[in-house]
Amino acid sequence: MDEREQIIRLGKVLAAEERAACADSVIEGGLECFLERWRDTANGALAEPAVQEALALLAGYGALPPAQRADRIAAALRGLRAIFRAPAPPDASSQSETSTPVATTGAAEPLPPLHANGTTRNASRATRNTQKPAPPLALDAPLNALSGVGPEMVGAFKRLGLRTIEEVLYHFPHRYDDYSKQKTIAELSIGEVETVVAEVAEVKTFRMKNGRDAVEIQVSDATGLLKAVFFQGRWLAKQFPVGRKVVLSGKVGSYMGLRQMSSPSMEPYADDELIHTGRLVPVHPLTKGLHERNARSVIKQAVDRAAPLVEDFLPPEVRLRAGLLPLPEALAQMHFPQNYAMLEKARQRLGFDEFLLIQVGVLQRKQLWQGIRSHPLAFHEAVHDDFLSKLPFNLTGAQVRALKEIFADMERPVPMARLLQGDVGSGKTAVAAAALVQSIANGFQGALMAPTEILAEQHYKGLKALLKQVRVPRKQSSGVGGQEEQAGQAEAPVDAEALAQLDELKRLLGMVPEDDLDGEGVRVALLTGSLGAKERRRVLAGIAEGDVDLVIGTHALITEGVQYHSLGLVCIDEQHRFGVEQRQRLKDKGFNPHMLVMTATPIPRTLTLTIYGDLDTSILNERPPGRQPIKTRWISAAEREKAYKHLRREIKAGRQAFVICPLVEESEKIDLPSAIEMQEHLQHEVFPDLRVGLIHGQLLPREKDEIMVAFRNHEFDILVATAVVEVGIDVPNATTILIEGAERFGLSQLHQFRGRVGRGVHQSFCILVSDVDNEQTAQRLGAMEATDDGFRLAEVDLELRGSGDLFFGTRQSGTPDLKVARLTDVRLLDAARTEAQRILQSDPQLERPEHAKLKAKVEAFWAAAQAEAS
Ligand code: ADP
Ligand code: MG
């Protein structure tokens, strides 16, 4: 069928529906079923704005009150008919009934005449509507605009952070009780949660032993009797007089042979609008002074009166492409779902919104970063080959692939924004080094930023040893200051003073004459707090003048007054905290370098796109060859003795070990050894002849660094640590890590811990101690034993524990929380990202009128996230 025929088919069905008084009876399964099928075959017809509009109007049709159905059908038909009218001459009096221009296909029939009386009929239907709806409510109205809400309840809602009607609309249920399947009394199964419609037969109040009133209500239907007992005031008796038809939902018990419900949820029976029973009943997060029924009634009122006023910020074509409910509909269904299918549709829509707002935000962030020019850095093959020849190994396939992507980015005049994700030990440093060398070969500087001084120092030692063998022919920097270039100090220092200064700097940097490679040796500086004031000044001057090629340090590299001569590339290692703000700071300083962020934290792709959605990603999914897998065992606390024997054996062979404890100090609530207790216990009772150290997060950074250095220098045999044990720290002689209370850590974190060993030539071990033996722990710790693939583990964690635990560190980076969307929903995220890209491609600043609502929403969403983060 071609497009026109498709539209005609749609029009005919709508017309039939209108003739049938909009009772949603012409299509088996409801009009929406038809629309769904139609959408699948409509193809090109979907491009027609009037069709999009019609589908938007009719979404959620089955749930609409009759008056609205009629209005929407009429509006949809008007739009569709206009499609056929359009090409007719302006004065055509024949109207659409007969003038449908079908000449091109010849096969189509005209749309049936259906609008003759459309408007009057609709109007009369609207007034026939018996329900008198409460007046609509402004979204920004305060909560006391709702009837029945007094100051006390306003206060209770405020404790939940809710002040306006709109906020209540986004205060979603945290679960739903399924009271939707009604039964007769005789059918009720004891022990089940059931719902029943019956008539009040008898009401008794009596006083309980504690002096409080209780109410006993007997209800009956044609099949039997049911007793309901309420342990609360007499008001209930008044509310449910004999003869009143009611709905009860609750767990069925039995008392003296009679079926009974204890404190069931109960409300007067109404044909349509059940709130607390007989449906999927929402249960909302509550607080002191806010009771379930009250909250639900108030929220129902808000939803009924205000949800229809919510403007849909999604452009209709986006909504249609993604097959989503209109926003008002989704909000209503999220709170009071008709059934599970509608609930799922509501979740889809609202989850899509969250993903979309995040994606638009991160992609705009990317635009912002990449909106200004950077220096294209050409690929110097000879220098790269020299670098490769000095590496003590061949790059893995994954490293080669990542470098190809990185070099391609660096050659572009937009600043690279790339994330290098690779499991511990996958060789990220070598990749960063290769990229930094290219920056230097182009006459620019490089910077490498580590999260701690000790890691900075580790990088410095490693990179200095490697790079001092690599020749980088010095080109004149095409860097920042056009004027400064004339000075040309990098090419050939002319005067003796400059020469002397350079020599002094080289000495300061620890370069011996051989390292100079006739002036082609890379000049690497370590910028840490341990530099003396005078040295520091010299090094800073060297950086400002471009005499230092590569600077390594902590985030002081951007926060403090470091002036670069021409910064070409910044590599950031293992810094979860390197977020938008830091990047902005780099930019504010006028630097516009390429940027490579490295992380060993394996996270599933959905989360990567959420937290790091503004970065392109390269993945090192391959380990360097010849690594021995770390042997991992899960043991019970009773088996600790055996584990200690193992530790002793390893230490006797000259190795070292970590022991990780979840807590610093002992806790009354948690029956687990703390790090402090553990250190004392191990030192005095288990290994009195060995040296047992202690490190935890309450120490000063300097103290922590000292202890780590001492451990690396083998001044301890065993280091007891909390989770602070530094990410990325390299102690190749450590071969065993024993983790107490292993069930308390996320899998990604356990995997990070495990990465502390297996860094040398010796076989390494990871021992997980846990007595918790529930299904989930068994699966998680079992997964640790079974695989050492960090990405696989992150996925297992996500499946088993949901998203919450994975959201470490996102607070700091100001990424919004997800209320509805699930991180396992890859498909929805992809759809949202695609739409976000499409929108921004055509309208990068969201300046078009059709994007005005979206723009405002994105801004409000991110402002809220930033506010929470700070
Ligand atoms: P991470 O990705 O955890 O930062 P590193 O860069 O510290 O990993 O590398 C871990 C170890 O693997 C280092 O000792 C490094 O020299 C070595 N390495 C890196 N790449 C390779 C390779 N392609 N082949 C062999 N060893 C490699
Ligand atoms: Mg590393």
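**Reading the sheet and the ligand site**

Modeller: In strand β15, V597 has L419 opposite it. This is a predicted model, in which local features need pLDDT of at least 70, side-chain atom pairs count only at pLDDT 80 or more, and totals for chains, interfaces and linings use all residues. Residues are numbered from 1 along each chain as its sequence is written, ligands are numbered from 1 in the order in which they are written, and side-chain values use heavy atoms, without hydrogens and water.

Colleague: How many bridges join β10 to β15?

Modeller: Strands are DSSP runs of E with at least two residues, numbered from the N terminus, and two of them pair if DSSP finds at least two bridges between them. Here five bridges join β10 (residues 417-422) to β15 (residues 594-599), and the two run parallel.

Colleague: In what order do the seven strands of the open sheet stand?

Modeller: The order is β12-β13-β11-β14-β15-β10-β16, with parallel pairing. β12 (524-527) and β16 (616-620) are at the edges with a single partner strand each, so one side of each has no neighbour in the sheet.

Colleague: Which residues come nearest to ligand 1?

Modeller: A residue is near a molecule if one of its heavy atoms lies within 4 Å of it; of the 14 residues around ligand 1, the nearest are N394, G425, K428, T429 and R627. A polar contact is a pair of N or O atoms within 3.5 Å. A side-chain N or O atom of K428 is 2.7 Å from an oxygen atom of ligand 1, while a polar side-chain atom of Q399 lies 2.8 Å from a nitrogen atom of ligand 1, and a polar backbone atom of N394 is 2.8 Å from a ligand 1 nitrogen atom.

Definitions and conventions. Helix = DSSP H or I, 4+ residues; strand = E, 2+ residues; numbered from the N terminus. Polar contact = N/O pair within 3.5 Å; in protein donor to acceptor, adjacent residues only side chain to side chain.
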